[in-house]
Amino acid sequence: MIRKLFSGDLPGSRVLTALLALVLLGLLLTPFIFPGTRALNVAAKICVFIVLAASYDLLLGYTGIVSFAHTMFFGIGAYGVGIAMSRFEPGWLPLALGILAAMLVALALALLLGLLSLRVRTIFFAMMSLALASFFVILASQFSDYTGGEDGLTFSLPALLSPGTQFLEEPWLSVDWNGKILAYYIVFFASTALVLFCLRIVNSPFGRVLQAIRENDFRVAAIGFNPVTYRTVGNCLAALLACLAGALYAIWLRYVGPDTVLSFDIMIDILLIVVIGGIGSMYGAAIGAALFVIAQNYLQDGMKLLHGGLEGIPLIANFFHPDRWLLWLGVLFVLSVYFLPTGIVGKLRQQRK
């Protein structure tokens, strides 16, 4: 049953299994074991970025395509929710229609991008995707009547997802059961389902062809498969998954803006997550996203404690000043690439052999 749930792609390492179980249980039980708004925000972001990284790994790790338009599809999903909920009365139907419209736009752009550029060398696809993503950022900023411009959009969701909606009069298991908790579990379970869907894709015959194209597209063409068709379909699937991740992020934040969902910094974050976790592994997306988002949100706090403990040694203490947390995040990334070139998942699976 478990093997079927994971599409026959089991972790293959006891340590990796334990890490994945820790991530899954930690996210599932966050409202109970990590009380507070900040912890819930971090957990929701981890859920979203696991899906986003997994969808990007479908391109980079399994198909060998480098794309810089992934944040564009992420932003389309978020803006689909934001525009629908700000234009209409908060309700489930406008929410569903906003997500559906965003998916159709993402699918059309992914199909157009794939047909125009995947027939040539993949470097041209990367450049085309970068140009399209940059254009979309400008579009979101200029069409302020619809997108809110640089200020973005703040919107309301159905009353059931409102923090003011109380399901129980008293807290249960130290958790105040309200609309915010329901929104979190919608994000969690939807993200889990999408990751399992990604596993189904990469372990299907279609996924095997994608991996074969990554290794040798000429040989794949020689045996009768059209690499352009498979790459285009793979690009469309990745775009739709990124779009859904953006919709989940908008549902959680109740806000969309260029800096929040279209920033090129998000593209860099996705690349870091995929490389740290392990390229060509959906489990790498889960491990990488959890580690990266936690470091992004708590590394500065840890350095603040370390800096306070080293105040008696000014020279060393300055190296660990909280304002330098981005520097140390970069150092940790360089060290992880140097010592773990195949990522955390790749290293753990190699040790298993």
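The dialogue below goes through how to read several features of a predicted model.

Me: What kind of model is this, and how are residues numbered?
Reply: This is a predicted model, in which local features need pLDDT of at least 70 and side-chain atom pairs count only at pLDDT 80 or more, while totals for chains, interfaces and linings use all residues. Residues are numbered from 1 along each chain as its sequence is written, and side-chain values use heavy atoms, with hydrogens and water left out.

Me: How many helices and strands are in the protein chain?
Reply: Helices (H or I, at least four residues) and strands (E, at least two) are DSSP runs, numbered from the N terminus. The protein chain has 18 helices and two strands. The radius of gyration is taken over C-alpha atoms, and the globule rule is 2.2 Å times the number of residues to the power 0.38. For 353 residues that rule gives 20 Å, and the chain comes to 21 Å, so it is as compact as a globular protein of that length. Along the principal axes, the C-alpha atoms fill a box of roughly 65 × 55 × 45 Å.

Me: What percentage of the residues in the protein chain is buried?
Reply: Buried means under 20% relative accessible area, exposed over 50%, and partly exposed in between (1.4 Å probe, protein chains only). Buried residues are 49% of the 353 in the protein chain.

Me: What share of the contacts is between residues 24 or more positions apart?
Reply: A contact means heavy atoms within 4.5 Å. Of the contacts with a separation of 6 or more, 73% are between residues 24 or more positions apart.

Me: Where does Ala-183 lie, and which residues is it in contact with?
Reply: Ala-183 is in helix H9 (residues 179–202), and with a relative accessible area of 1% it is buried. Leaving aside neighbours within four places in sequence, Ala-183 is in contact with Leu-161 and Trp-252. Its C-alpha is 13 Å from that of Leu-28, 155 residues away in sequence.

Me: Is Leu-244 buried or partly exposed?
Reply: Leu-244, in helix H12, has 22% relative accessibility and therefore counts as partly exposed. Not counting residues up to four places away in sequence, Leu-244 touches Ile-99, Met-103 and Leu-194.

Me: What is the phi of Arg-254?
Reply: Most residues other than glycine have a negative phi. Arg-254 is not a glycine, yet has a positive phi of about 60°. Arg-254 sits in the loop between helix H12 (227–253) and strand E2 (255–256), and at 12% relative accessibility it counts as buried.

Me: Which loop holds Gly-152?
Reply: Gly-152 is in the loop between helix H8 (144–147) and strand E1 (153–154). Its relative accessibility is 13%, so Gly-152 counts as buried. Apart from neighbours within four places in sequence, its contacts are Thr-147, Tyr-255, Val-256 and Gly-257.

Me: How many disulfides are there, and why is Cys-47 not in a bond?
Reply: A disulfide is a pair of cysteine sulfur atoms within 2.5 Å. By this rule the count is zero. For Cys-47, the closest cysteine sulfur is in Cys-198 at 14 Å, which is too far for a bond. For Cys-198, the closest is in Cys-243, at 14 Å, again too far. Cys-47 is buried, at 2% relative accessibility, and Cys-198 is buried at 2%.
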